[in-house]
Each structure stands twice: as structure tokens, then as C-alpha cells.
Amino acid sequence: MTMDNTKYLDSLLCELDGKHSDTMRQSLRAQSVTLDELRSQPVTIVGAADEGVRLLSILESLNTHDVLIVDMDQAKVGQVAHAHHQIQPFCKSNVESRHVILATHRTSKAFNTCKEMHACSVNTFMHLQLLYPQTFKPHFFHENMLETLLDNVPALKVLQGKLADDLSVGVLASCLDYRLHGDPSVLAPYIDWELYLPTGIDLSRFASHYVDCGSFDGDSVALHINRYPDTVKGAYAFEPDPVTFARLSENMAHFGFVQCVNKGVGNSVTKLGFSANKERASLFSEAGELRIDITTLDNELAQFTPSMIKMNIEAFEPFALEGATQTIQRTLPLLAISVYHQPEHIFSLQRQVENIAPGRYQFYLRQHDGGLVETVLYAVPL
């Protein structure tokens with residue numbers, strides 16, 4: 001049976017419209033695991049990276065009766081995660097009849113597997129942060145998520161009217177559904193598993209002069225070049241972390257047309273504090289242990305005509321777009337912008353692009369992973 005995506009989205013907006021956060025939160029809590037159950041019954045944390053260790057510390061402070069931390073990466077098994085807790089293997093005996101909390105942004109496959117293993121309940125750490133923000137301090141990706149959605153129903157309705165196809169409406173609806181109810185299975189019908197290869201959008205027309213903001217070690221740059229080997233003529237790769245930049249430069253050395261830039265991308269030429277995270281996600285902050293050069297695309301690309309700009313820069317996307325205003329207006333590149341790093345980005349970044357170049361773009365949403373991450377806004381020039 002084919003989903004009516006407009007009806008699906010309208011029902012979620014109706015659920016949000018006019019509600020107070022306290023009332024809404026109480027209603028959502030009634031459908032989920034309780035704090036008392038987490039304290040008194042066996043709990044398994046899936047994911048032993050930073051968020052999993054943070055969750056373990058919180059559960060210990062709640063005097064949780066029985067808690068395990070497991071990881072799918074066998075190399076982590078046996079390591080000490082926090083205090084006396086050793087990381088255990090991800091297997092049925094560590095999941096069955098236990099409350100499972102997924103401490104990862106990529107939840108879809110693990111959610112389904114834990115259901116198949118007969119977990120007592122399967123919950124995402126993201127959803128617990130929405131339900132109990134005083135107990136589970138929200139990650140910066142999730143901060144004020146419920147309040148942001150409740151306060152911006154009109155903006156979400158405007159975004160709905162700006163989306164160019166039915167699949168985009170379905171992606172928006174499923175993303176809102178997941179954020180509200182914590183069940184990643186709602187995303188399954190809408191996922192394009194190939195990153196930056198969106199259904200129904202031909203990127204080959206825009207592949208020739210590529211700009212990658214947030215290049216990490218060059219994985220997305222190489223992905224782009226390998227997809228369009230006869231098309232790409234020039235590329236810029238921006239990565240602020242000096243250690244990661246060294247890997248980027250090494251990996252791009254055999255592509256003679258890739259210009260690697262050891263700077264972050266923002267709305268001014270300056271320096272900012274930067275925290276590099278070994279688990280990949282990094283961010284700019286006043287407390288950052290590094291001082292990183294920041295530039296603007298308008299400054300760096302004055303002599304370059306980009307055909308496509310990709311941005312995945314850990315919540316810095318609004319500043320980077322502001323600093324690319326002249327470039328966007330001058331060249332009208334296709335834009336592939338991550339819209340999941342802050343709750344408002346799913347609607348605010350479309351509005352920002354529209355304000356930069358009114359009436360010059362069509363807008364699409366695509367979901368490239370089974371969780372909160374890799375929701376991408378594609379702005380396609382008319």
C-alpha cells in the first residue's frame with residue numbers, strides 16, 4: 001500500500017500544532033520506557049563511543065540496577081568504558097529481555113536487530129533526551145528538539161510547500177516522526193543508502209567543479225570523483241582539523257586537480273576554538289583545544305566557479321552559507337547541505353538559501369542513513 005506522504009506529514013503537524021511542551025512530553029512519555037524501569041530492570045547500552053560512555057555515567061548516577069555496555073566493533077570488546085564496566089559483545093544474550101538504549105546516531109539496523117533478539121524494549125538515546133532532558137542532558141544535535149518543533153509548525157508548513165517532489169515530503173514526515181516518537185523504522189521507506197546519490201536528482205550535470213566543506217579525510221571527495229571520473233575538472237576540499245587534514249592531503253595527492261585547504265568555513269575570516277573528536281564529529285567552541293583558521297567561500301572561491309557545493313560541518317552550515325552569499329548569487333551551484341546538526345536546520349537552511357537567491361532553486365530532502373544523521377537538503381538551480 002502506497003503511503004500518502006502529504007497526509008502523513010499533515011497528521012504529524014496536527015499532532016504538534018498548538019501543543020505545549022509539558023503536555024506533549026507527558027503524552028510521549030506514556031508511550032515509552034519509564035525512568036523507574038531503567039533504574040530497576042536490566043539495561044543494555046548499544047554503542048561504546050563518547051555518547052555511550054556518557055549514557056553509562058548517567059545511568060550509574062541513577063543507581064541503575066543492572067547495566068551493560070556493548071559494541072558491534074569486536075576491537076572494542078574487553079576495553080574498559082567507564083569505571084569498572086568492560087565493553088561486552090553485541091549478541092542475543094546481552095540483549096534479550098533487557099531494555100536496550102541505542103547510543104548512536106545511526107539507529108535503524110541496530111533497532112531492528114534488537115527487536116529480533118527479543119529485547120524488552122528498544123529506545124534511542126536521542127529519544128530519552130527529548131523525553132527526559134533534565135536527566136539525560138541533550139547532545140548538541142538534539143538540544144531543545146521538542147520545543148523547536150512545537151514553536152515552528154508554521155515554518156514546517158512553509159517548508160512543505162517549498163519541496164519539489166513527493167519523496168521530499170515523505171522524508172520530512174519520517175524525520176519528524178522519528179524525532180517525536182524515537183522509532184527509526186519509519187525512515188526505512190525513504191532512505192537512499194548511497195550518500196549524495198539522491199533518487200530523482202541528476203547530480204552529473206553539476207559535478208564538474210566541486211567544493212567539499214567538511215572533507216574529513218577525503219572520503220566524500222573521492223566518492224564524488226569516482227562517481228563522475230570523466231566530468232570533474234576541479235575541486236576544493238576544506239578540513240579544519242590539522243591531523244585530519246594531513247590524511248586528507250595524503251589521500252588527495254594523486255588527484256592533481258583537488259585544492260586542499262586547512263581551514264574551517266564560516267561567515268568571516270578569523271580564528272576560532274575547535275574540538276577534534278576521535279569518533280569523527282568535531283565542533284567549534286570557545287573551549288576548543290585548538291585555534292583554527294576560518295575563511296569564507298566568497299573569499300576562497302573568488303577565482304573559481306563551483307558547480308556543486310556540499311556542506312557537512314557540524315552545525316556551522318548557516319555561517320558557511322552566509323559566507324558564500326556572493327558565490328551562490330554569482331554561480332548558482334547545486335547545494336547539498338546537511339540539515340540535521342540542529343533541530344531547526346531541517347527548515348531554517350532551506351529558508352536561508354531561498355533568501356540568498358530568491359526563486360532560483362528547487363528544493364529536495366533526501367535521507368541517506370537510518371537515523372538522525374545524513375538528512376540532506378538539495379537545492380537544485382532552476
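Reply: The largest nonpolar core has 88 residues, and Phe136 and Leu297 have the most contacts inside it. Helix α9 gives the largest share of this core, eight residues. A nonpolar core here is a set of buried Ala, Val, Leu, Ile, Met, Phe, Trp, Tyr and Cys residues joined through side-chain atoms within 4.5 Å, where buried means under 20% relative accessible area with a 1.4 Å probe, protein chains only. Helices are DSSP runs of H or I with at least four residues, numbered from the N terminus.

This is a predicted model, in which local features need pLDDT of at least 70, side-chain atom pairs count only at pLDDT 80 or more, and totals for chains, interfaces and linings use all residues. Residues are numbered from 1 along each chain as its sequence is written, and side-chain values use heavy atoms, with hydrogens and water left out.

Let's look at Leu297. Leaving aside residues up to four places away in sequence, Leu297 touches Val211, Cys213, Phe238, Val265, Ile309, Met311, Gly323, Ala324 and Thr327; contact means heavy atoms within 4.5 Å. There is also a second, separate core of 26 residues, with Ile201, Val221, Val376 and Tyr378 among them.

In soluble globular proteins, nonpolar side chains tend to be buried together.

Conventions: Buried means under 20% relative accessible area, exposed over 50%, partly exposed in between (1.4 Å probe, protein chains only). Helices (H or I, at least four residues) and strands (E, at least two) are DSSP runs, numbered from the N terminus.
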